[in-house]
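Please read it alongside the sequence and the model.

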Amino acid sequence: MKLADNKATLSFSNGSPSVELPVYQGSIGPDVVDIRKLYAQTGMFTYDPGFMSTASCQSTITYIDGDKGELLYRGYPIEQLATSCDYLETCYLLLYGELPNPQQKTDFVNRVTNHTMVNEQMQFFLRGFRRDAHPMAVMTGLVGALSAFYHDSTDINNPEHREISAIRLIAKMPTLVAMAYKYSMGQPYMYPQNKLGYTSNFMRMMFATPCEEYEPNDVLVRAMDRIFILHADHEQNASTSTVRLCGSSGTNPFAAIAAGVACLWGPAHGGANEAALNMLEDIQKMGGVAKIGEFVSKVKDKNSGIKLMGFGHRVYKNYDPRAKLMRETCHEVLDTLGLGNDPLFKLAMALEKVALEDEYFVSRKLYPNVDFYSGIVQRAIGIPVSLFTAIFALARTVGWIAQLNEMIADPEYKIGRPRQLYVGATKRDVQPIDKR
Ligand code: CMC
């Protein structure tokens with residue numbers, strides 16, 4: 001962290017002495033005011049529910065310029081990564097800071113590929129779930145359970161354990177997601193086949209059966225790989241902050257990532273892709289494009305409790321760059337599958353147009369986010385709606401691990417422990433039960 005030339009001064013209207021606070025500069029983006037000593041100096045905390053103005057850490061991994069609609073992984077624009085690299089190269093970049101050269105890529109791919117199988121006992125654990133369980137409920141359990149299976153990589157303070165747990169998690173997530181899917185369908189699990197690439201392997205585990213092989217289609221595999229790249233990291237979002245906070249207690253990496261999976265499930269976060277597709281299907285059932293106006297009016301009515309899912313973002317106040325790439329992929333996938341006239345895609349584009357021209361959305365700077373189009377792509381590929389968020393979790397696992405490892409290696413890292421403004425009852429005495 002680099003000290004800025006200026007300092008911030010906090011003054012009080014009650015005559016208490018003012019305090020000077022250091023200001024730090026990042027390599028890009030807003031400066032930060034360092035308030036770590038504020039409590040010691042003033043006896044006061046800062047108040048920022050939802051972390052609207054709080055940087056919880058310093059990080060070198062991902063940068064978002066929300067006003068420009070720009071997303072960089074380790075400095076590289078997401079558009080270049082999505083068009084020039086594959087998911088495992090992106091994983092390498094997020095984990096180690098640089099894109100791999102050919103030898104490094106081969107070694108990394110081999111290492112990940114060697115860990116694609118899960119302990120055979122995992123399938124008995126999976127069997128304990130109801131077949132109609134939501135895949136995110138199953139994934140929260142399965143990922144947490146990995147710590148019960150891989151005892152040799154659970155010490156978060158040991159760099160070798162962190163490295164092997166990272167590789168294991170990246171390698172095993174596709175296997176676990178596919179197992180959760182097969183279990184829900186009542187079909188036998190398909191073991192990974194290591195001669196295949198990461199993403200084709202995942203698609204084969206999803207769609208092949210012992211009696212019928214899956215023939216990977218290059219466009220669909222590439223689309224799925226792009227979904228993985230676009231979801232790989234997104235700086236200090238809710239699930240990543242959850243992983244950091246959970247890991248800050250020194251818990252094992254599998255437990256910390258399971259916490260991230262649980263957080264991602266919510267409809268305001270990763271669950272938005274499922275919610276967005278359900279929303280499009282509901283509008284379609286209501287009458288499709290002709291009903292967009294009616295639906296948008298409901299969204300604008302604060303009493304309705306209805307949101308335009310796949311729209312809006314805490315950081316992006318411009319078009320989410322991932323949404324643009326996803327829309328492009330949508331075209332490619334639908335054309336490849338001969339679904340160029342897909343009514344849901346047409347509906348999504350018409351809805352986007354109406355919203356982008358509507359004063360409500362314009363004044364609040366609400367634009368489509370990654371989830372607006374990703375559901376249409378996944379549905380066309382054959383992924384069931386309830387599995388969308390599990391696929392997001394699969395892709396985000398590398399980001400969670402990179403952020404967790406960065407935190408543990410940071411000499412300034414401490415257990416995360418926010419404070420509060422207490423507004424409850426002041427001290428009082430317990431009355432005997434007959435007097436209450
Ligand atoms: N539909 C209708 N109104 C909205 C929407 C929306 N999707 N998003 C925000 N608003 C309104 C909100 O009601 C508020 O209006 P007002 O100022 O009149 O009270 C204003 O816009 C600002 O919204 P906010 O809720 O204060 O913004 P936030 O930063 O707290 O929330 C968000 C961000 C993503 C939770 C929210 O935009 C949302 O719920 N979007 C729909 C869910 C969604 O698509 N989530 C995926 C996010 S991207 C993938 C990921 O990172 O997980």
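## Histidine 313

A polar atom of the histidine 313 side chain lies 3.4 Å from the backbone nitrogen of tyrosine 316. A polar contact here is a pair of N or O atoms within 3.5 Å; within protein, one must be able to donate a hydrogen and the other to accept it, and residues adjacent in sequence count only if both atoms are side-chain atoms. The model is predicted: local features need pLDDT of at least 70, side-chain atom pairs count only at pLDDT 80 or more, and totals for chains, interfaces and linings use all residues. Residues are numbered from 1 along each chain as its sequence is written, and side-chain values use heavy atoms, with hydrogens and water left out.

Histidine 313 sits in the loop between α13 (292-300) and α14 (321-336). Helices (H or I, at least four residues) and strands (E, at least two) are DSSP runs, numbered from the N terminus. With a relative accessible area of 23%, histidine 313 is partly exposed; buried means under 20%, exposed over 50%, and partly exposed in between (1.4 Å probe, protein chains only). Leaving aside residues up to four places away in sequence, histidine 313 touches His234 and Arg322, where contact means heavy atoms within 4.5 Å.

## Annotated positions and aspartate 371

The unreviewed UniProt entry places the feature "active site" at His313 and Asp371. They span 59 residues in sequence, yet no two of their C-alpha atoms are more than 10.7 Å apart, so they gather at one spot. UniProt positions follow the numbering used here, feature names are shortened, and annotations may be inferred rather than shown by experiment.

Aspartate 371 belongs to helix α17 (residues 371-381) and counts as buried, at 5% relative accessibility. Beyond residues up to four places away in sequence, the contacts of aspartate 371 include His231, His269, Asn273 and Phe392.

## The three-stranded sheet

An open sheet of three strands has the order β1-β2-β3, with antiparallel pairing. β1 and β3 stand at the edges with a single partner strand each, so one side of each has no neighbour in the sheet. Strands pair if DSSP finds at least two bridges between them.

Six bridges link β1 (residues 2-10) to β2 (residues 19-25), and threonine 9 stands opposite glutamate 20 in β2. Two bridges join β2 to β3 (residues 32-33). Valine 23 stands opposite valine 33 in β3, and tyrosine 24 stands opposite valine 32. β2 and β3 form a hairpin with six residues between them, and glycine 29 in the turn has a positive phi of about 90 degrees.
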